[in-house]
Amino acid sequence: MEYRKLGRTGLKVSELCLGTMTFRWTSTEAQAHQVLNRAWEAGINFIDTADIYSFWAEGNDGGVAEQIIGDWLKTKPREQVVLATKVRGRMWEGPNGEGLSRQHILAAAEASLRRLQTDYIDLYQVHYPDWDTPLEETLRALDDLVTSGKVRYLGASNYRAWLLMKSLWVSDQHNLARFDSIQPHYNLLNRDEAEPDLAAVCTDQGLGLIPYSPLAGGFLTGKYTRESVPEDARGYGNDRMARYMNEVGFGVVEALREMGEERGKSVLQMALGWLLSLPWVTAPIIGANSVEQLEGALGAVGLRLQEHDLARLDEITGVKRDLGMYN
Ligand SMILES: NC(=O)c1ccc[n+]([C@@H]2O[C@H](COP(=O)([O-])OP(=O)(O)OC[C@H]3O[C@@H](n4cnc5c(N)ncnc54)[C@H](OP(=O)(O)O)[C@@H]3O)[C@@H](O)[C@H]2O)c1
């Protein structure tokens with residue numbers, strides 16, 4: 001397992017980050033503990049969650065995933081785990097039950113700390129923009145959490161390049177702690193959210209880039225075919241995968257299969273290997289319902305694609321790896 005610096009910070013995170021959105025949604029609590037244990041044993045020190053995971057699953061409030069991680073964390077050396085969570089989504093009733101106001105952030109951080117059963121969060125991320133709150137208010141509240149020692153580093157998610165750049169500017173202007181990472185939806189079939197602009201901001205400003213849904217929710221495992229959607233998969237019985245079920249989607253899967261055959265790697269491993277080969281990517285955030293699924297992702301550790309494979313994937317997806325920088 002390679003450990004990489006999160007942007008320009010001195011914090012070192014494993015090249016795979018374990019996502020936890022599936023905990024008590026599409027996996028049981030027992031499976032969640034097994035996945036956490038196996039990930040830890042394999043050298044993954046970086047865990048991503050959010051306060052809202054997974055309120056959408058029947059019978060769940062938000063906070064379930066944090067609670068499970070908190071229980072697990074008690075069995076591990078806290079200082080060796082890099083724990084990332086998020087704030088922004090609705091967590092309680094009323095007009096301040098969501099958002100990035102000072103009021104919501106400070107209350108939500110306390111609630112996350114309680115569920116995580118720890119006294120600090122390593123990486124506290126804004127989950128998505130709040131257009132009702134001035135950036136300065138959000139950044140001041142986050143800066144206070146850093147100053148108080150409850151949070152170590154700050155990150156953003158689902159911010160476009162211009163908003164991320166503006167946030168860096170506001171932090172700089174007021175001498176506040178800044179975002180050191182960005183978490184975009186980024187995989188071979190969803191490149192334009194990160195490339196070229198977000199990747200260029202990260203490269204130029206020294207931010208870590210941690211892609212979520214690196215397998216396009218499971219499509220890039222190759223188990224979805226032109227004929228069928230697996231019944232036990234997230235995409236079954238809904239239109240979640242419809243946007244990938246086209247010539248480009250199946251073309252990418254086919255190319256990954258062919259490239260992987262030469263190297264004894266699966267479609268899933270090649271899809272993760274692609275992200276691991278991009279110089280602006282720090283660590284893809286993987287999702288696994290079971291240890292068996294996790295083993296698939298662990299097979300991508302250390303995998304780096306060759307230039308001719310990267311070029312072939314550029315051609316199929318119609319995107320060139322060109323950040324438009326320094327030329
Ligand atoms: N910031 C945000 O807004 C945001 C949004 C989404 C996610 N995230 C983060 O990113 C993490 C990962 O997101 P994601 O779950 O969408 O990632 P993903 O890697 O694109 O998809 C993971 C899914 O692929 C399938 N899969 C994984 N390994 C497999 C294997 N070996 N064989 C067959 N199927 C396999 C599983 O779903 P099935 O078994 O159902 O097919 C699994 O849940 C989340 O846990 C969360 O931490 C953040």
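I take axes as lines fitted to C-alpha atoms, for helices over the stretch in contact, with angles from 0 to 180 degrees between N-to-C directions. Helices (H or I, at least four residues) and strands (E, at least two) are DSSP runs, numbered from the N terminus.

The model is predicted: local features need pLDDT of at least 70, side-chain atom pairs count only at pLDDT 80 or more, and totals for chains, interfaces and linings use all residues. Residues are numbered from 1 along each chain as its sequence is written.

Entry 1, helix pair. I looked up α7 (residues 247-263) and α10 (residues 307-317): their axes come within 9 Å and cross at roughly 165°. The two helices are therefore roughly antiparallel, a label for angles over 145 degrees. For the contact (C-beta atoms, placed from the backbone, within 7 Å), I noted Val248, Gly251, Val252, Ala255 and Met259 of α7 against Asp309, Arg312, Leu313, Ile316 and Thr317 of α10.

Entry 2, sheet. I found eight strands in an open sheet, ordered β9-β8-β7-β6-β5-β4-β3-β10, with parallel pairing; a pair needs at least two DSSP bridges. The edge strands, β9 (208-209) and β10, each pair on one side only. Between β7 (residues 151-157) and β8 (residues 179-183) I recorded four bridges, and Gly155 has Ser181 in β8 as its bridge partner. Helix α3 (residues 102-116) lies across β5 (82-87), β6 (121-126) and β7, at about 140° to β5.

Definitions and conventions:
Parallel < 35°, antiparallel > 145°, perpendicular 65-115°, else oblique. Contact = placed C-beta atoms within 7 Å.
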